[in-house]
Amino acid sequence: MSAVTVRVPAKVNLQLGVGPLRDDGYHDLVNVFHAVSLFDEVTAEPAGRLEVRVEAALDARVDVGGVPADDDNLAARAARLVAARLGVEPRVALRIRKAIPVAGGMAGGSADAAAALVACARLWDDPGEPALDRDDLVELGAEIGSDVPFAVLGGTAVGVGRGERLTSALTRGTFHWVFATAGFGLSTPAVYAECDRLRELRGEPAPQPSVSEELMTALATGDAKGLGAALTNDLEEAALSLRPSLGRVLDAGRELGAIGALVSGSGPTCAFLAGTEEDADGLARALDGAGVAAQVHRASGPVPGATVV
Ligand SMILES: C[C@@](CO)(OP(=O)(O)O)[C@H](O)COP(=O)(O)OP(=O)(O)OC[C@H]1O[C@@H](n2ccc(N)nc2=O)[C@H](O)[C@@H]1O
Ligand SMILES: Nc1ncnc2c1ncn2[C@@H]1O[C@H](COP(=O)(O)OP(=O)(O)O)[C@@H](O)[C@H]1O
């Protein structure tokens with residue numbers, strides 16, 4: 001087989017409930033993922049050895065400078081995992097075209113890992129009797145990172161455990177988003193550690209999070225206003241503590257008409273929900289004009305996970 005190209009979406013967290021720190025260094029989560037139409041593409045092509053090339057997708061304004069183009073790239077780790085599982089050598093050239101903000105809290109690295117899992121499986125597996133089905137790829141994804149399983153699955157899903165144990169959530173209609181990126185990254189582990197520190201400071205035990213019924217109802221009925229009111233992220237306070245300027249971005253989006261606003265995951269990207277497609281286009285223009293974001297992206301969800309194009 002010649003080259004395989006996979007398109008994979010970014011994510012926003014509609015609910016991120018952070019529980020206690022576990023002995024393994026992870027936190028128990030209730031993590032409601034929502035895949036949105038900001039896509040990376042990964043092409044896998046037979047080669048003499050594993051190699052990685054990273055570039056910004058056409059017309060994408062993403063800075064790929066901080067993305068490793070070697071074995072540290074999560075897509076390379078995914079390729080090695082599939083090769084080992086199928087008993088082949090990882091002789092593949094991975095070409096990653098990025099449009100998902102880097103280190104932005106939208107799981108761009110996890111998305112590329114998911115895309116590489118799907119692309120390499122398609123390249124090396126037996127089409128007649130595939131050894132790896134989608135569930136196997138979701139399981140392999142969990143070995144790479146907590147967000148990789150969702151990037152394979154897509155749609156809207158509730159993740160528990162580290163976030164890797166997924167149940168799809170019934171979602172009606174389409175939701176319209178505006179994402180405001182920052183000119184800096186935030187380290188995911190640092191944001192989790194700050195969340196723990198702030199809780200310890202207040203002598204507050206970590207809650208055992210549970211899925212928001214209001215959120216599930218808003219999703220199932222396609223109620224954008226209800227969804228906007230139900231968005232929560234336990235890491236938001238920590239992200240704001242590390243980068244207070246994000247508060248001004250959230251305030252600007254709310255003042256300009258967003259019906260929901262929160263930091264996406266560990267941040268620093270800020271996510272804004274609009275009532276309609278037109279409202280989202282207007283909000284994007286207004287936010288761009290307000291000069292509070294490095295970049296402003298429009299997207300809608302839910303969209304499918306990693307898909308061969
Ligand atoms: C915060 C979230 C929200 O979806 O993603 P981002 O917003 O960064 O994209 C995720 O929990 C990030 O998932 P991911 O980036 O895959 O994390 P991993 O590679 O598994 O772990 C990176 C580090 O994050 C912390 N971590 C991650 C997941 C979890 N349930 N508890 C944690 O404490 C740990 O310090 C861990 O060492
Ligand atoms: N394919 C990849 N795309 C982006 N970042 C990657 C990739 N592989 C490894 N990384 C590393 O992972 C870090 C986190 O990237 P990313 O997943 O985009 O952040 P987030 O999880 O906050 O969305 C980056 O700073 C980069 O060093």
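**View 1. Lys11 reaches ligand 1.** A polar side-chain atom of Lys11 lies 3.0 Å from an oxygen atom of ligand 1, which makes a polar contact (a pair of N or O atoms within 3.5 Å). This is a predicted model, where local features need pLDDT of at least 70, side-chain atom pairs count only at pLDDT 80 or more, and totals for chains, interfaces and linings use all residues. Residues are numbered from 1 along each chain as its sequence is written, chains are lettered from A and ligands numbered from 1 in the order written, and side-chain values use heavy atoms, with hydrogens and water left out.

View 2. On its own, ligand 1 has 700 Å² of accessible area, and the protein covers 84% of it (Shrake-Rupley method, 1.4 Å probe).

**View 3. The shell around ligand 1.** In all, 21 residues surround ligand 1, and His27, Ser146, Thr188, Tyr192 and Ser266 are the closest (a residue is near if one of its heavy atoms lies within 4 Å). Sorted by class, the shell holds seven nonpolar, 11 polar and three charged residues.

**View 4. Backbone atoms around ligand 2.** Here the backbone does the touching: an oxygen atom of ligand 2 is 2.6 Å from a polar backbone atom of Ala107, and an oxygen atom of ligand 2 is 2.9 Å from one of Gly105. A backbone N or O atom of Leu74 lies 3.1 Å from a nitrogen atom of ligand 2. Ligand 2 alone exposes 540 Å², of which the protein buries 79%.

View 5. The shell of ligand 2 counts 17 residues, with Ala103, Gly105, Ala107, Gly109 and Asp112 the closest. Helix H2 (residues 108–124) provides the largest share, three residues. Met106 is found in the loop between strand S4 (92–98) and H2. An unreviewed UniProt entry lists residues under "binding site", among them Gly105, Met106 and Ala107; such annotations may be inferred rather than shown by experiment.

Notes
Polar contact = N/O pair within 3.5 Å; in protein donor to acceptor, adjacent residues only side chain to side chain. Helix = DSSP H or I, 4+ residues; strand = E, 2+ residues; numbered from the N terminus. Nonpolar A, V, L, I, M, F, W, Y, C, P; charged D, E, K, R; others polar.
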